[in-house]
Amino acid sequence: MQQPLSSASELRETIKQSSLYSEDLAPIPLQQRTWNKWNLAALWVGMAVCIPTYMLASYMIKSGLNWDTALIIIGLANLVITLPMIWNGAAGVRYGIPFPVQGRSAFGIKGVHIPSLLRALVACGWFGIQTWIGGLAIYSIFNAITGNQDVAGFSVGEFICFAIFWLINIYFVWKGTEQIKWLENWSAPILILIGLALINWGYQKGASWNDVLVQSNQLKKKSLLLNETLDTLRLNPIIDVDTTSNAKEFRIILPLNSGRTDTTSWQPFDPRAKLIPVRSIVLNGAETVVDITKDIVPKIKAQYRNAEGKTSSIVTAQIHYVKTPSDWFWLYVTWFTAMVGFWATMAISISDITRFAQSQEDQRLGQLLGLPLTMVFYSFVGIFVTCAAVLAFSDIMIADDAPWDPISLISRFNNPWVVVFAQIALLIATLSTNIAANIIAPAYTFSNMFPKTIDFKTGGVIAGIIGIIICPWWLMDSISSILLFVSGLLGPVLGVLLCDYFLIKKQQLELDDLYLHQGIYQYQNGFNKAAMIALIAGIACALIGKWIPDLEFLFSFAWFIGFAVAFVLYYILMRRNINHNVS
């Protein structure tokens, strides 16, 4: 086992006077490191158990994948990202330094602010979103206990609860990393037990595991489809295992020649007769239906009603295209890249955590045990519970109304104490994720910008304030596009870091120089041009396909393309510099 080489005492005493030095950024001595493999595994359980993880597979199912395919992609992607996570965390263990200090070696003492700020701002955005979710959980607990009803739109109570949860997060930041370790150690077993309890609830709702999971085939279908010739509608409410449906009636909304729309009367729904020729639909009005074109399709809608008279959401028609093998391939690739991008931010700043590890073995085993297994387990929990909810609640008639997220599921229970328990569980999951994944990195980033004036605690508060400024109540939107975009930006950063540490520096850093303005990591005015060029080129290659259709395939591989381009180009540029200097 390769032991850590450094301790704070190994820095020359004069280094501590440097403006690049602070106690928070200084190497952690081996004797002060208290995190073992179980602490790191617990940390990953706490981070991975969150609403986005719960919902990951549901997004993939909605796009047409089978539940088992979704889990395989999630498992493989998280195994793939765990490996560079372990490699990049090695410097944190060996030298006891956080990511902003480690990054000075590759990017320069000033250049490191660019990737670290990029990572920090992403984390601040997620911090705000997670804090808003936690605030909603507190608000739900308050309503359950008092008997109050949720109101439409935003309420003063929601913002008060958001502030309360924000303060809880800041408390743990202010208490320091040992308190964060305590939080993760206690939350991990609780979160695992909650996942098992949810699976047990889902199992009770079906006659067998297969009865529950087969519902995923219904959930991946669009609720209203037009064939490619645009002349036949296909009604697709959820059909139970016994070939019956909660949807007993339906009505269709069609556009008219006048530009208005008209609605049919409620008609009985027969699961055996789901195909309806458009021209055979009888409207309540006297006007005729216009010719159906692709532009008109979004105006064609349907709604379903169950035996108790409860109605589904109104669904919009979509054209049914048969996916080719090529379509399926790119769908798999897109989701695989998105899943890798899910933890792309942590892969960059993992030294912020591994610097507390007692050995390389602890950080390797801790991350391998904690990340891939938890991601697969809780994604499965989300799939299984959502499928079970389809069987449990008679008012779920279409996939669009399935309780994909735990908040929607909780809202369906009438027992207030069930709601309180479930929301407390959600609070624990959100808090443990938020602190470890979204606060530590920006706290070190802001401390690194002004080491003598901003410490870890103050940096965490700044991150929290940015989380408010971004107005997270307006940011909870499409997750897959965000993940792809972020992965494209951050893959090149990791490529530069790994190439620099393993191939260029051969795992040997000059510790004193990491804290000196005139040391070897000053490069040119504080910037390593090779790293800057590689970073820009990697980002450009990864994201160019987002705007140029012919190069869209590059964007589908965004994280991998960005990582590879930056890694190779940085190596070439640095070797040329080394050869030049030697000669």
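At the start of α15, a side-chain oxygen of Asn-415 comes within 2.9 Å of the backbone nitrogen of Trp-417. Helix α15 itself covers residues 416-438, with helices here being DSSP runs of H or I, at least four residues long, numbered from the N terminus. Bear in mind that this is a predicted model, where local features need pLDDT of at least 70 and side-chain atom pairs count only at pLDDT 80 or more, while totals for chains, interfaces and linings use all residues. Residues are numbered from 1 along each chain as its sequence is written, and side-chain values use heavy atoms, with hydrogens and water left out.

**Helix starts and spans**

- Helix α15 has 23 residues and reaches 31 Å from its first C-alpha to its last, close to the 33 Å expected at 1.5 Å a residue; that expected span is 1.5 Å times one less than the number of residues.
- Over at α1, a side-chain oxygen of Asn-36 sits within 2.9 Å of the backbone nitrogen of Trp-38 at the start of the helix.
- Helix α1 has 12 residues and runs 16 Å from first C-alpha to last, close to the 16 Å expected.

**α1 and its partner α7**

- Helix α1 (residues 37-48) packs on helix α7 (residues 177-204) at an angle of about 65°, with axes 8 Å apart; the axes are lines fitted to C-alpha atoms over the stretch in contact, and angles run from 0 to 180 degrees between N-to-C directions.
- The crossing of α1 and α7 is left-handed, meaning that the near helix is turned anticlockwise from the far one by less than a right angle (clockwise would be right-handed).
- On the α1 side, the contact (heavy atoms within 4.5 Å) is made by Asn-39, Ala-42, Leu-43, Val-45, Gly-46 and Met-47.
- From α7 come Lys-181, Glu-184, Asn-185, Ser-187, Ala-188, Leu-191 and Ile-192.
- By class, the α1 contact with α7 has 7 nonpolar, 4 polar and 2 charged residues. Here Ala, Val, Leu, Ile, Met, Phe, Trp, Tyr, Cys and Pro count as nonpolar, Asp, Glu, Lys and Arg as charged, and the others, Gly among them, as polar.
- Helix α1 is largely enclosed by the rest of the structure, because 10 of its 12 residues are buried; buried means under 20% relative accessible area, exposed over 50%, and partly exposed in between (1.4 Å probe, protein chains only).
- Among the buried residues of α1 are Leu-40, Trp-44 and Ala-48.

- Helices α5 and α6 (residues 156-175) pack at an angle of about 120°, with axes 7 Å apart.
- Helix α5 passes α6 in a right-handed crossing.
- The contact takes in, among others, Phe-127, Trp-132 and Tyr-139 of α5 along with Phe-159, Phe-162 and Trp-166 of α6.
- Sorted by class, the contact of α5 with α6 has 11 nonpolar, 7 polar and 1 charged residue.
- Ser-140 is also part of α5 (residues 113-146), and at 18% relative accessibility it counts as buried.
- The side chain of Ser-140 makes a polar contact with the side chain of Gln-423 at 3.0 Å. A polar contact is a pair of N or O atoms within 3.5 Å; within protein, one must be able to donate a hydrogen and the other to accept it, and residues adjacent in sequence count only if both atoms are side-chain atoms.
- Not counting residues up to four places away in sequence, Ser-140 touches Val-419 and Gln-423.

**Other buried residues**

- Ser-216 is in helix α9 (residues 216-219) and is buried at 2% relative accessibility.
- Ser-216 and Cys-387 are 171 residues apart along the chain, yet their C-alpha atoms are separated by 6.0 Å.
- Ser-216 also touches Ile-61 and Trp-67, leaving out residues up to four places away in sequence.
- Ala-26 sits in the segment before α1 and is buried, with a relative accessible area of 3%.
- Setting aside neighbours within four places in sequence, Ala-26 is in contact with Tyr-21, Gly-96, Arg-355 and Tyr-515.
- Trp-559 lies in helix α21 (residues 558-582) and is buried at 5% relative accessibility.

- Most residues other than glycine have a negative phi.
- Lys-506 has a positive phi of about 55° although it is not a glycine, and at 54% relative accessibility it counts as exposed.
- Gln-507 has a positive phi of about 65° and is partly exposed, at 23%.
- Lys-506 lies in the loop between α18 (479-504) and α19 (529-543), and Gln-507 is found in the loop between α18 and α19 too.

Conventions
Helices (H or I, at least four residues) and strands (E, at least two) are DSSP runs, numbered from the N terminus.
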